[in-house]
Amino acid sequence: KEWHQKKLVIGFELLNGAHTGQNLAEALVKVIERFNLGDKLLSITTDNASNMAKMVRELQCHPKAVEW
């Protein structure tokens, strides 16, 4: 059977306040928990901005949301 890539937007969250790593991580954790994706998340691709690096570090503090 041939594999076909699928795309689906599962979250488009409004952020109140600055796009800090902490605010981004909190929004992403909500989406991860809403869809029970913590044990299914393989990787996160970002643009290497400092707030994205901080977001990934913040996600590591949420072990029930992300199981790496």
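A pocket is an open set of grid points where a 1.4 Å probe fits, with protein on both sides within 12 Å along at least five of seven lines, and its lining residues have an atom within 4 Å of a point. The views below show a predicted model.

**View 1. Lining of the second largest pocket.** Leu-8, Val-9, Ile-10 and Gly-11 line this pocket, whose volume is about 200 Å³. By class, the lining comprises three nonpolar residues, one polar residue and no charged residue.

**View 2. The largest pocket and its centre.** The space in the largest pocket amounts to about 470 Å³. Its lining consists of 18 residues, and those nearest the centre are Gly-11, Leu-24, Ala-27, Leu-28 and Met-55. Two elements, α1 (21-34) and α2 (50-59), each give two or more residues to the lining. The largest share, five residues, is that of α1. In terms of class, 13 of the lining residues are nonpolar, four are polar and one is charged.

**View 3. The largest nonpolar core.** Eleven residues form this core: Leu-15, Leu-24, Ala-25, Ala-27, Val-29, Ile-32, Met-52, Met-55, Leu-59, Ala-65 and Val-66. Both α1 and α2 supply at least two of the core residues. The greatest contribution, five residues, is made by α1.

**View 4. Surroundings of Ala-27.** Ala-27 is among the residues nearest the centre of the largest pocket and also belongs to the largest nonpolar core. When neighbours within four places in sequence are left aside, Ala-27 is in contact with Glu-13 and Leu-15.

Note on methods:
Residues numbered from 1 in each chain as written. Predicted model: local features only at pLDDT ≥ 70, side-chain atom pairs only at ≥ 80, totals over all residues. Heavy atoms only, no water. 1 Å grid on protein atoms, 1.4 Å probe; cavity = no way out; pocket = protein on both sides within 12 Å on 5 of 7 lines; lining within 4 Å. Points joined across faces, edges and corners; volume = space filled by probe spheres on them. Helix = DSSP H or I, 4+ residues; strand = E, 2+ residues; numbered from the N terminus. Nonpolar A, V, L, I, M, F, W, Y, C, P; charged D, E, K, R; others polar. Core = buried A, V, L, I, M, F, W, Y, C linked by side-chain atoms within 4.5 Å. Buried < 20%, exposed > 50% of the residue type's maximum accessible area, 1.4 Å probe, protein only. Contact = heavy atoms within 4.5 Å.
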